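Let's go through this model by asking what lies behind each label. Have the structure open as you read.

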Amino acid sequence: ICSLAQGANAQPRESVKTSTDILMFAAPAAGFISTLALKDYKGTRALISSGATSIAATYILKYAIKKERPDHSDTHSFPSNHTAISFQGASFIAKRYGWKYSIPAYLISGYVGWGRIYSKRHDTWDVIAGAAIGMGSALICTRPLSNKAKLNIAPTVMANGSIGFYSSINF
C-alpha cells in the first residue's frame, strides 16, 4: 500500500515537472515572436542578450554553489534556471512593450516557479533567486520601446561600503 501511494503521488509531480520543462520557454518565445512580428530587431537583440545573461548567471552560480536538489538528483539546485528563463521572458515583454502585455507571461512564470518547488526540483530560495536573475537580466539589457516611462536600475556601492541597487523611474 505504501509503494502504491508513493506511485500515485509521484505521477502528478512528474507531470508538473514535465509541464514546467515546456512552459519555461513560453514567455521568451512570446517575446521573440513579438519582436519579429513588430520588426523590432533591437528588441530581438535585447531579448537574446538578456536571455544569455540570465543563463550564464544561473549556470555560474549552479556550478559554484553546488546546492543539492530537494529530490537529491544532483547538486545544481541553486538558482532555478527554469524560473530564470521564464521570468526573463516575462520581464522583457513588460519592459519593452508594457506591463499589461506581460500579465499572461508572468502568470505562466509563476506557475513554472511553483511547479519547480512542487516537483521537488527546487526549494523556495532557488526559485526566488532564479526569478530575480531572470528579471534583473531583462531589466539591465532591455530598453522600453515607448518613451512614456523609463525605468532605470543600476548596481551601486553605498557610502558605508554596502552594495545595493539604485532605481528611478521617469514619466
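**Labels and the values behind them**

Around helix α3, the buried residues are covered by elements that include α2, α4 and α6 (124–141). This is a predicted model, and the questions below begin with that helix.

Q: Which residues of α3 are the buried ones?
A: They are Gly43, Thr44, Ala46, Leu47, Ser50, Gly51, Ser54, Thr58 and Lys62. The label calls for under 20% relative accessible area.

Q: How do you know that the length of α3 agrees with its number of residues?
A: Helix α3 covers residues 41–65, which is 25 residues, and at 1.5 Å a residue these should span 36 Å. Its end C-alpha atoms are 36 Å apart, so the two values agree.

Q: What is the peptide bond from Phe78 to Pro79 called, cis or trans?
A: That bond is cis, with omega near -5 degrees. Pro79 lies in the loop between α3 and α4.

Q: Why is α4 described as largely enclosed by the rest of the structure?
A: Because 17 of the 17 residues of α4 are buried. In α4 the model's confidence is also highest, at a mean of 97.

Q: How do you know that the span of α4 agrees with its residue count?
A: At 1.5 Å a residue, its 17 residues should span 24 Å, and the end C-alpha atoms are 24 Å apart, so the values agree. Just after α4, Gly98 takes a positive phi of about 115 degrees.

Q: Which residues of α4 and α5 meet?
A: From α4 the list includes His82, Phe87, Ala90, Ile93 and Tyr97. Their partners in α5 include Trp99, Tyr101, Ala105, Ile108, Val112 and Arg116. By class, the contact of α4 with α5 has eleven nonpolar, eight polar and one charged residues.

Q: How do the axes of α2 and α4 lie, in distance and angle?
A: The axes of helix α2 (residues 26–37) and helix α4 (residues 81–97) come within 7 Å and cross at roughly 35 degrees. Among the contact residues are Ala27, Pro28, Ala30, Gly31, Ser34 and Thr35 of α2, and Ile85, Gln88, Gly89, Phe92 and Tyr97 of α4. This contact of α2 with α4 divides into eight nonpolar, six polar and no charged residues.

Q: Why is Ser34 called partly exposed?
A: Ser34, which lies in helix α2, has a relative accessible area of 26%. Buried would need under 20% and exposed over 50%, so Ser34 falls in between as partly exposed. The C-alpha atoms of Ser34 and Thr44 are separated by 8.8 Å, with the two residues ten apart along the chain.

Q: What makes Pro12 partly exposed?
A: Its relative accessible area is 33%, and the class runs between the 20% and 50% cut-offs, so Pro12 belongs there. Pro12 is found in helix α1 (residues 2–23). Its C-alpha atom and that of Tyr118 are separated by 9.4 Å, although they are 106 residues apart along the chain.

Q: Why is Lys120 called partly exposed?
A: Its relative accessible area is 40%, so Lys120 also falls between the 20% and 50% cut-offs. Lys120 is found in the loop between α5 and α6, and its phi is near 65 degrees, a positive value in a residue other than glycine.

Q: Where in the protein chain is confidence lowest among the elements?
A: In strand β2 (residues 163–170), at a mean of 62. Over residues 1–6 pLDDT stays under 50, and there the model has zero contacts beyond four places in sequence. Where pLDDT is low, the predicted coordinates should not be read in detail.

Note on methods
Residues numbered from 1 in each chain as written. Predicted model: local features only at pLDDT ≥ 70, side-chain atom pairs only at ≥ 80, totals over all residues. Heavy atoms only, no water. Axes fitted to C-alpha atoms, helices over the stretch in contact; angles between N-to-C directions. Helix = DSSP H or I, 4+ residues; strand = E, 2+ residues; numbered from the N terminus. Contact = heavy atoms within 4.5 Å. Nonpolar A, V, L, I, M, F, W, Y, C, P; charged D, E, K, R; others polar. pLDDT = per-residue confidence, 0-100. Expected span 1.5 Å × (residues − 1). Buried < 20%, exposed > 50% of the residue type's maximum accessible area, 1.4 Å probe, protein only.
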